[in-house]
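Me: I would like to learn how to read a few features of a protein model. Please take them one at a time.

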Amino acid sequence: MRVRVATTALGITAALLALPACSTDTTGPKHQPSSRTGKPTEAAQEPAALSSAALESLLLDENDLGSGYLPKPERPAQHDDVTVIGCPALSELGGDAATGGTLAFPHKAEVDFTYGGSSSEISEELYSDSTKKLSDGVGRIFDAMAGCPAYQVVSGGTPVDVTSQKLPAPTVGGDEQWSLLLTFIAGGRSTVVKQTAIRDGNLLLVLSGSPALVDRHLDKALAKATATS
């Protein structure tokens with residue numbers, strides 16, 4: 001089975017369209033009290049945003065991850081009409097909030113890997129913008145999804161039931177943190193995706209995929225993304 005994990009908090013439908021091929025364990029933590037910590041700070045002289053080329057060099061690669069990881073080809077863009085049912089806050093963000101697109105920041109880089117020849121996947125995305133734009137943009141989406149414990153997404157005629165659970169924000173560092181556990185169910189099959197985002201100054205890291213892989217590589221991803229020369 002090839003399950004596309006949800007890349008960023010926007011990518012909820014792309015993970016789902018291949019779901020009928022197999023099922024995965026949906027066991028996960030119960031609802032938690034918080035998914036976001038920290039507050040945006042306004043620096044007197046904020047550093048310039050990093051270019052997309054600079055962000056590319058900060059992404060994890062196969063040497064960082066270790067054996068068993070293979071890069072995935074870039075997936076085609078999704079153009080199906082998308083409807084969100086049962087989550088007004090997410091619906092108000094527009095159709096892009098329920099498709100597999102990337103966050104709308106001008107400077108970005110991303111990479112996807114499969115692991116061990118199985119359906120396990122991990123995706124990393126890096127963005128750079130002003131601290132306020134990063135904080136407001138990501139916080140609005142994560143808060144909308146976290147505020148709807150159950151809703152449905154219909155894309156290209158395929159209905160997918162989605163449940164979301166807030167997770168404790170990671171304590172690995174950064175100025176703001178968000179984390180969710182998303183369960184997608186279609187045709188009686190299900191998969192679980194963990195999405196964790198960390199803002200460090202004017203850089204945003206989003207790590208998504210199989211919960212065990214996200215937990216395993218989060219420290220390493222943040223350390224590389226925020227390393228200074």
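Me: Which side chain meets Asp 175 in a salt bridge?

Reply: This is a predicted model. In it, the side chain of Arg 199 meets that of Asp 175, at 3.7 Å from N to O.

Me: Is Asp 175 buried or partly exposed?

Reply: Asp 175 is partly exposed, with a relative accessible area of 35%. Arg 199 is buried, at 0%.

Me: What is the distance between the closest N and O atoms of Arg 199 and Glu 176?

Reply: They are 2.8 Å apart, and the two residues form a salt bridge. Glu 176 is in strand β8 and Arg 199 in strand β9, so this pair ties together parts 23 residues apart in sequence. Both Arg 199 and Glu 176 are buried.

Me: How many salt bridges are there in the whole structure?

Reply: A search finds seven. One of them joins the side chains of Glu 121 and Lys 72, at 3.3 Å from N to O. Glu 121 sits in strand β5 (residues 121–128) and Lys 72 in the loop between β2 (69–71) and β3, 49 residues apart. Glu 121 counts as buried at 3% relative accessibility, and Lys 72 is buried at 16%. Elsewhere, Asp 61, Asp 64 and Lys 224 are linked in a network of salt bridges.

Me: How should I read a disulfide, and which cysteines form one here?

Reply: Cys 87 and Cys 148 form a disulfide with their sulfur atoms 2.1 Å apart, and the search of the whole structure finds one disulfide. The torsion about the S-S bond of Cys 87 and Cys 148 is about 80 degrees, so the disulfide is right-handed. Cys 87 lies in the loop between β3 (82–85) and α3 (88–91), and Cys 148 in the loop between α4 (131–146) and β6 (150–155), so the pair ties together parts 61 residues apart in sequence. Cys 87 is buried at 1% relative accessible area, and Cys 148 is buried at 8%.

Me: What about confidence?

Reply: Where pLDDT is low, the predicted coordinates should not be read in detail. The mean pLDDT of the protein chain is 78, and 73% of its residues reach 70 or more. Over residues 1–34 the pLDDT is below 50.

Conventions:
Residues are numbered from 1 along each chain as its sequence is written. Side-chain values use heavy atoms; hydrogens and water are left out. A disulfide is a pair of cysteine sulfur atoms within 2.5 Å. Helices (H or I, at least four residues) and strands (E, at least two) are DSSP runs, numbered from the N terminus. Buried means under 20% relative accessible area, exposed over 50%, partly exposed in between (1.4 Å probe, protein chains only). pLDDT is the predictor's confidence in each residue, from 0 to 100. Contact means heavy atoms within 4.5 Å. A salt bridge is a side-chain nitrogen of Lys or Arg within 4 Å of a carboxyl oxygen of Asp or Glu.
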